[in-house]
Amino acid sequence: MNVGIRRKEGVTVLDIEGRVIGSESFALKSIIDDEIRSLQDGEVKMLLNMGQVRAMDSSGLGIIIAAYTSIQRRGGRIALLNVSGNINSLIVVSKLVTIFDRYDDEEKAILSFHEA
Amino acid sequence: MAQTILAVDDDLDILDVLEMSLDSDGFNVITASDGLDAIEKAKSHVPDLILLDLMMPKMDGFEVIDNLRTDSQTRAIPVIMLTARSQVHEKLQGLDAGADDYVTKPFDLKELTARIKAVLGRTEPAKYINPLIGAMGDWFSETGVEQLAAHLKTAATIQQRLLPQAPPRLTGFDIDGILRSSTSVSGDFYDFIPLDDGSLSLVIADVRGKGIPAALLMVMIRTALRLVCRQESSPAAVIKSINDLLVIDTEPDLFATMVYGILDPKSLTFTYSNAGHCHPLHLTDAKAHKKRIFGVRDGTLKIHQLSTGGMVAGSFDFAEFENETVQLAVGDTILFYTDGITEAERDTDNAFYGEERLQDAIRSSRDMSAAMICKTIEDDLMHFIGKKQQTDDLTLVVVKATTDVEED
């Protein structure tokens, strides 16, 4: 797994690539935690770009859930970009579709953070 | 997955050469041009190995090693030092500081690759043992590991006993299940609990993660379920209780997916709630069904997915769950499974076993006994993954409605 970090109009975009599976996914957790810690309360706007994620398991899902909870607690927001195939099924089956906004267009996703 | 190497040198030309050469050898390469950058990248990427130049401005290689060794996350990352030929005392100092090997500049790229592979081969097991050592603290020792192995064995035995030892007996049904754990202890489980009114409650669950943490949570959920299922009659209420309990006791990233349901032999129904778990497959022979009810002979085999319920259990206090009641007919089969089945990967091309293959497998084996269906699907799956090592726990539970309901 590889994670690239970009900032775009006040939104932290994480480009995640590869397999978010088991212990391989721990690095993602520490990156997300560091980002949350480095930003002020209420300013955490995070977009996870999952377009290049090949596989994700329950550990990976746990990391995204934990991110949601801790960002929510700080009054921030997290959304998902380019979720497809297996990853989408995982999010649909686990019924997390109800809490995660998903976008297929980066511009629209970024815009959504400023509308809220 | 390709292994990642962090190359650290203040000479950008050397970094370029390293990056190109290692990249063509199939490694992922990250680079850093000073000590501080190196530490930051080691912590954020946790590479499999670090190539470290000793002589750098700002912070030298020794300080970098010292720093990495104090952080539990980077402590075990193997380090190969890059040194100038003459500095013998530095080599010794570096090895003392905890470097795993050294290569002198100017280096031969083939030799460097060979050294990298040798060090990775040697340190691979440590990568897996290290998180355990971290959890065990500094009293870690050889005796400690032996004790741990013995404890794990005991834990696995305890957990095995928590699984159904024999298929449940329920009039009009043929039921069986299997669990194949990928490690000594498992995060999957299934359970059958006979209820006082003659019905049978059934659960299949997959706790996030694997190994000891997952196993602990599994034991907790199983115990809670056995108590709660006697207090609440609605499956959704049972799952909500488990959810609320886990929300209080664990972090949000510890959760379980599960299906809890009640098989009623009198009404031949299955009432369930699904908390973010892979949808069980309900196979109905529409022909038989219609013939029995309407006297019609046409129709085909239908698969209905049992998806009603709510989110994964244990992460959110606001999670709500719903029930669905499914009318069963004689000849119907319900297959419950965990994602270890559908996400098992083939050795040759990493293709997933997937739901379609599973549907085909259950279609073609549906006339067999519940035990044989489990065995047939398991065999098909093992054949599919080939030489690949099983990476997740696999669980299957099969329920078949076998004879007509007795009228009373």
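Two strands are taken to pair if DSSP finds at least two bridges between them, and helices (H or I, at least four residues) and strands (E, at least two) are DSSP runs, numbered from the N terminus. The model described here is predicted: local features need pLDDT of at least 70, side-chain atom pairs count only at pLDDT 80 or more, and totals for chains, interfaces and linings use all residues. Residues are numbered from 1 along each chain as its sequence is written, while chains are lettered from A and ligands numbered from 1 in the order in which they are written.

In chain A, strand 1 (residues 2–8) and strand 2 run antiparallel and are joined by 7 bridges. Within this pair, I5(A) has L14(A) of strand 2 as its bridge partner. The hairpin of strands 1 and 2 of chain A has 2 residues between the strands, and E9(A) takes a positive phi near 45 degrees there. Strand 2 of chain A also pairs with strand 3 of chain A, in the parallel sense and over 8 bridges; here R19(A) stands opposite A55(A) of strand 3.

Strand 3 (residues 45–56) of chain A runs parallel to strand 4 (residues 77–81) of chain A, with 5 bridges between them. L48(A) has L80(A) in strand 4 as its bridge partner. From strand 3 of chain A the chain passes through helix 2 of chain A to strand 4 of chain A, in a β-α-β crossover that is right-handed; that is, with the strands pointing away from the viewer, the path from the first strand over the helix to the second runs clockwise. Strand 4 of chain A is in turn paired with strand 5 (residues 102–103) of chain A, in the parallel sense over 2 bridges, and L80(A) stands opposite R102(A) of strand 5.

Between the chains, 21 residues of chain A are in contact with 23 residues of chain B, contact meaning that the C-beta atoms of two residues, placed from the backbone, lie within 7 Å. On the side of chain A that touches chain B, strand 2 (11–20), helix 1 (26–38) and helix 2 (58–73) of chain A each supply at least two residues. The largest share, 7 residues, comes from helix 2 of chain A.

In chain B, 5 strands form an open sheet in the order 6-16-15-11-12, with antiparallel pairing. Strand 6 (173–180) and strand 12 (301–305) of chain B each have a single partner strand and stand at the edges, so one side of each is left without a neighbour in the sheet. Within the sheet, strand 11 (residues 281–285) and strand 15 (residues 333–337) of chain B pair in the antiparallel sense over 3 bridges, and H282(B) has I334(B) of strand 15 as its bridge partner.

The largest nonpolar core has 100 residues, and L48(A), V203(B) and A313(B) are among those with the most contacts inside it. Such a core is a set of buried Ala, Val, Leu, Ile, Met, Phe, Trp, Tyr and Cys residues joined through C-beta atoms within 7 Å; a residue is buried if 20 or more other C-beta atoms lie within 10 Å of its own, exposed if 12 or fewer, and partly exposed in between, with C-beta atoms placed from the backbone. A second, separate core of 26 residues includes L22(B), L49(B), I50(B) and I116(B).
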